[in-house]
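Student: I would like to learn how to read some features of a model. Could we go through them one at a time, with the general idea and then the case at hand?

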Amino acid sequence: MHWQTVYWIAGSILALAWFSRIVEAALGMRRVANIARPEWDRRPAAPNGEPRVSIIVPARNEEESIRQTLVQLLALDYSNYEIIAVNDRSTDRTGQIMEEVAASSQSLGLPKLGLLKVIHISELPSGWLGKTHAMWMAGQQASGDWLLFTDADVLFKPDSLRRAVAYAQAESTDHVVLFPRMIMKGPGERIMVAFFQGLFVFGHRPWKVADPEARDHMGVGAFNLVRRPVYDAVGTYRALRMEMIDDMKLGKVIKNAGFAQRNVFGEDLISLHWAKGAFGIVNNLTKNFFAVLSFQWWRTVVTVVGLGCLNLGPFIGVWLAQGWARVPYAIALGSLFAIYCGISLRSAVPPYYFFLHPVGTSLFMYLLLRSMFHALWNDGVVWRGTKYSLEELRKGMV
């Protein structure tokens, strides 16, 4: 077979893959609500006032961020909620800071909108990950009609919870996922975040999550708002006790059980700084991605090869092909550039970061292989100072 024919076939596949997804995203993304818009600046309607919400914040060695997160949660513009902060075996000042915030909330000038409870965990029972156990423990003590699971480094605007609950009630939904605004402090972070958001558009379909017939589901650790009866019905966090990607798996079990799920944009209603620099993100996610691929080495290798072909192929093909054989690669690149233009509308990533997409791709391929090799070499995953064996992680997968 002539090389030009090979280029035509490969380019056509890449063009179809990217162009079809950008068309689908362009038509579908407009259906994803943005609760930062004025129409959602309202109070939740309920016969007995605003429904009670329990905000659950697990933390292990988060002394740099936990104070700011708790102070902002105490200042939410919502009249009926509690905060349950869980100190999960921290070896730094996390637990002490939690107690200080709980004791000094009035001296900080915060209104009496919320009640902060602090739980200290000193031992981790077998058969549990630390984070899932912390959230399960907090859920046992929660009194809310809704449970909001969040992280210890998320920044909240005062109206974030009020808008989310108002939207949940208006849509009669059981699970609301609010996408955070990613804080990026350098080009390396922008490269990685842009790649993940592009991969997100290609690999997930947030516009299909609301469709009960679609298998698409969603979960984000920064903001998973769940009705309490639904949380109980899917088995609570006990059903996810050994899941490393617990946020997405919570969304999966909720959607698979037939409950109504929505994901929404919110601009800067909540914000999150993922990590410092590109390699900070790589280091943070090393523990996760072998779990995403079910701890199977062959799936990891196939995924790395597939991602390389899909993301690097258009850049290589448009250079190597000749004449009209370059056209399908140009279509693929144009579609990818359109995705970056869409990303720039919702984040601080300029469209020209499209030209750095091969760098983000290479770093992500490295991340996948690094995650696999670390887990296989250690026969397990070390997360926040605790080692979990591959055998128990595989057995605990949902």
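Student: How does Glu-24 count by relative accessibility: buried, exposed or partly exposed?

Tutor: Buried means under 20% relative accessible area, exposed over 50%, and partly exposed in between, with a 1.4 Å probe and protein chains only. Glu-24 has 24% relative accessibility and so counts as partly exposed. Before going on, note that this is a predicted model, in which local features need pLDDT of at least 70 and side-chain atom pairs count only at pLDDT 80 or more, while totals for chains, interfaces and linings use all residues. Residues are numbered from 1 along each chain as its sequence is written, and side-chain values use heavy atoms, with hydrogens and water left out.

Student: Which side chain does Glu-24 meet in a salt bridge?

Tutor: Side chains of opposite charge can pair when their charged atoms come close. The criterion is a side-chain nitrogen of Lys or Arg within 4 Å of a carboxyl oxygen of Asp or Glu. Here the partner of Glu-24 is Arg-205, at 3.3 Å from N to O. Glu-24 belongs to helix 1 (residues 3-28) and Arg-205 to the loop between helix 6 and strand 8 (224-227), so the bridge ties together parts that are 181 residues apart in sequence. Helices (H or I, at least four residues) and strands (E, at least two) are DSSP runs, numbered from the N terminus. Arg-205 is also partly exposed, at 25% relative accessible area.

Student: How many salt bridges are found in the whole structure?

Tutor: The search finds 23. Another of them joins Asp-41 to Arg-162, with the closest N and O atoms 2.9 Å apart. Asp-41 sits in the loop between helix 1 and strand 1 (53-59) and Arg-162 in helix 5 (residues 160-171), so this pair ties together parts that are 121 residues apart in sequence. Asp-41 is partly exposed, with a relative accessible area of 44%, whereas Arg-162 is buried at 7%.

Student: Where do Lys-131 and Asp-151 lie?

Tutor: Take the bridge itself: the closest N and O atoms of Lys-131 and Asp-151 are 3.2 Å apart. Lys-131 is in helix 4 (residues 130-141), while Asp-151 is in the loop between strand 4 (146-149) and strand 5 (154-156), so the parts tied together are 20 residues apart in sequence. Asp-151 is buried, with a relative accessible area of 18%. Bridges can also share partners, and in that way Asp-41, Arg-43, Glu-50, Asp-77, Asp-159, Arg-162 and Arg-163 are joined into one network.

Student: What is the angle between helix 9 and helix 13?

Tutor: Axes are lines fitted to C-alpha atoms, for helices over the stretch in contact, and angles run from 0 to 180 degrees between N-to-C directions. Helix 9 and helix 13 pack at about 30°, with their axes 9 Å apart. That makes helix 9 roughly parallel to helix 13. For the classes, angles under 35 degrees count as roughly parallel, over 145 as roughly antiparallel, 65 to 115 as roughly perpendicular and the rest as oblique. On the helix 9 side, Ala-278, Phe-279, Val-282, Asn-283 and Leu-285 meet Leu-363, Tyr-366, Leu-367 and Arg-370 in helix 13. These contact residues divide into seven nonpolar, one polar and one charged. Ala, Val, Leu, Ile, Met, Phe, Trp, Tyr, Cys and Pro count as nonpolar, Asp, Glu, Lys and Arg as charged, and the others, Gly among them, as polar.

Student: At roughly what angle do the axes of helix 11 and helix 13 cross?

Tutor: The axes of helix 11 (residues 297-320) and helix 13 cross at roughly 175° and come within 10 Å. The two helices are therefore roughly antiparallel to each other. Residues in the contact include Trp-297, Leu-307 and Phe-315 of helix 11 and His-357, Phe-364 and Leu-376 of helix 13. By class, this contact has twelve nonpolar, six polar and no charged residues.

Notes:
Contact = heavy atoms within 4.5 Å.
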